Each structure stands twice: as C-alpha cells, then as structure tokens.
Amino acid sequence: MDYIQEIIKRYFNHKYPKELELKIQYWLCNDEKGDLKSEALFHVWNRLNVNYYDYNAKRTWTKIANRLHFKKDSETKYINYPLVASIFIGIFIISILLWKNEVFDQTIQITTTNGEYRTIILPDGSTVCLHPGTQISYKKDFDDTIRYVSLQGEAYFNVKPIQEKPFIVDCKNLTAKVLGTKFNIKNYQEDIQASAYLENGSIQVSIQQNSQVFILKPKEKIIYDKLSKQMDLLFNRNKEQADLSFHNASIHDIMNMLKRRFNIQIALQGNISEKYTIEFNPKASIKDILDALCTLDEDLSWEKNNQSFIIRTK
C-alpha cells in the first residue's frame, strides 16, 4: 500500500496538475463502479482507528476542507466526521485509480519475438538492444528522480551518463543500478539462470531473493541460479564471450536460448541432469551449436525432423 501514501503526499503537496484534481472531483461524483468504491471505502475505513469527535479529527477535517476548496457554511452546527472522512478516503481511492491510469498511459512497452533483435532509443538518449523473446517497459518521459526500466528477457544497454538521475533495470530476480555504462542483463522467466555482464563503467547488481549486492567491474559477469540460489562471478570476459556462453547451465536453458535465437522448435528425448560450461561463437549456426554440444557430451545426439530439432540422450 505504499502507493496510497504516495498519493496522499502528492495531493497535499500540490503535486497534481489542476486538470487531474478536477478529474478526482468528477470521479467522486460519478456513479460508475459505485459498489466497488463503497466496498473499498468500507475496507479502508474499518482499518482506521480514530476518535471521530476529538479535536484532532476536527482540525484534520478543517485542513482537508481547505485543501479541497470546500465552502464553509456558517450555519452548520454539526459535522458528521465519519461521513466526511469516508468521502475523503473515497477521494484517495479514486486518486489511486486515476494515478494508476495516468502511469499506465505514460508507459511504453516493446516486445520482440523469437528470432528478432531490435534496437530502441530511450527518452534520455540511452540505447537498448533487445534480444529475442524480450519485453521492456518504461515511462515515455524520464521525469522522475530515477530512470526506471522493467525488463523480461535479455538486453544490452548503453546508458547515457546523468549523474543526478540513476538508471535502474529491474528484471525480477536481478536489479542493476548504474549512472552511465554499457552492460548486458538477462532474466527469462523460463530459464533457471539469470545474469548480468559489464562491458565498461560500473553497475550495482542486487539479487532480490537474498538482498545481496555486488559491484561489478568491467569484463565481469555474475550468474544467479534461481533454483539453488547460488551465485557465480566470472572474470575477464569480453562481450563476445559473454553474449553466447553458459556456465554450469542446464540443457533446458541452452535449448531455450536456441528457441529464442533461431525461432525454432526443439525438444529433448530422455532425461539429463548434466550442467554445461560452454561458449559459442555469436555467428554460429544452429547446426554448429548442436554439434559442439554433442561433442562436449558424447551421451547426446541430435537430428532435424522437418522444421523441428530433437536432442536425444543415449
């Protein structure tokens, strides 16, 4: 419920534009979704613990009335504080809806399909190369104190330095915080591993599950196993090595990469629990990669069946 506090703070600090304040008033008077509003009011009201008729309640109401430009009725002898408090809460509930809609309207979301690479330019001039099967979300204007980006998948960032406005990439399991640098970060929902690689500059990588924080130096790569909760730090990696390499990776993560990169169907016949450490040339074909994998593990073989590929265990 942190966003409620943010709404309250912004409203009383005159952070909303006038047109949004008018929308709040209109929404309050609108009967649309009245039952949902009433239920929300009841829920919020029951969580409060106030004495409706004490001096502080009256003083608070005076402040609220002044803030909302309510006219004072000199003939009014009695104020129903529970009622006006409920109305006030309703204003904030509606404000939340409007605030969420406003944020949603300002959010840009871009998705790449399997086999697709796409380069975009962010509002601050930073560039992002999206890898296949990736989704990125960000506000159309970086007008906050931070530059926040949400990522599902993999992307290479070239961040424009802005000292007073940190750049944050949130990809659920890993969060990277930078000022200006070039780095790659990867976290697909279907993969067991998540990783971040720094080409130059400096980034702070936070592992959300255990609150560990690491400061990467250039040519360092951090790999996080989402199942075992283990972390590996690799040194002296160039961008090509980091782009298409695996360290203690499952066969499933490698297959997922092949699906996304080459937009193919690939299946595994048999069970295998081996972990693989292997590097591929970024220009390698699907055949080159499968041949190298089967050379590394002699218990594997592969074949192409129409437009699909099959990896078998012996």
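This is a predicted model: local features need pLDDT of at least 70, side-chain atom pairs count only at pLDDT 80 or more; totals for chains, interfaces and linings use all residues.
Strands here are DSSP runs of E with at least two residues, helices are runs of H or I with at least four, and both are numbered from the N terminus; two strands are said to pair if DSSP finds at least two bridges between them. Residues are numbered from 1 along each chain as its sequence is written, and side-chain values use heavy atoms, with hydrogens and water left out.

Staying with β12 and β13, the two strands run antiparallel and are joined by 4 bridges. They form a hairpin with 5 residues between the strands, where lysine 229 takes a positive phi near 65°. Leucine 227 also lies in that loop, between β12 (221–225) and β13 (231–234), and it is exposed, with a relative accessible area of 64%; for that label I use over 50%, with buried meaning under 20% and partly exposed in between, for a 1.4 Å probe and protein chains only. The C-alpha atom of leucine 227 is separated by 8.2 Å from that of glutamine 193, although the two residues are 34 apart along the chain.

How many residues of β12 are buried? The count is 5 of its 5 residues, and the strand is mostly covered. Lys221, Ile223 and Asp225 point one way from β12, while Ile222 and Tyr224 point the other way, and all are buried. β12 also pairs with strand β9 (residues 193–200), in the antiparallel sense over 5 bridges, and within that pairing tyrosine 197 has lysine 221 as its bridge partner in β12.

Now to β10, residues 203–207, which has 4 of its 5 residues buried and is therefore largely enclosed by the rest of the structure. Strand β7 (residues 174–178) pairs with β10 in the antiparallel sense over 4 bridges, and leucine 174 stands opposite isoleucine 207 in β10. Strand β11 (residues 212–216) is joined to β10 by 5 bridges, and these two strands run antiparallel, with leucine 216 in β11 as the bridge partner of isoleucine 203. β10 and β11 form a hairpin with 4 residues between them, and serine 211 in the turn has a positive phi of about 65°.

A single side chain deserves a moment as well. Aspartate 124 is found in the loop between β2 (118–121) and β3 (127–130), yet aspartate 124 is buried, with a relative accessible area of 9%. Its side chain makes a polar contact of 2.9 Å with the side chain of serine 126; such a contact is a pair of N or O atoms within 3.5 Å, where within protein one must be able to donate a hydrogen and the other to accept it, and residues adjacent in sequence count only if both atoms are side-chain atoms. Leaving out residues up to four places away in sequence, aspartate 124 touches Phe142, Arg147, Lys160, Ile162 and Phe167, contact meaning heavy atoms within 4.5 Å.

Next come the helices. The axes of α7 (residues 251–262) and α8 (residues 286–296) come within 11 Å and cross at roughly 170°; axes are lines fitted to C-alpha atoms, for helices over the stretch in contact, and angles run from 0 to 180 degrees between N-to-C directions. The two helices are therefore roughly antiparallel to each other, a label for angles over 145 degrees, as against under 35 for roughly parallel, 65 to 115 for roughly perpendicular, and oblique for the rest. Ile251, Ile254, Leu258 and Phe262 in α7 meet Ile286, Ile289, Leu290 and Leu293 in α8.

Then there is an open sheet of 3 strands, in the order β15-β18-β17, with mixed pairing. Its edge strands are β15 (265–269) and β17 (300–305), each of which pairs on one side only, and the twist averages 20° from one strand to the next. β15 pairs with strand β18 (residues 308–313) in the parallel sense over 5 bridges. α7 packs on the sheet, touching β15, β17 and β18, and its direction makes about 160° with that of β15. α8 likewise packs on the sheet and touches β15, β17 and β18, its direction making about 155° with that of β17.
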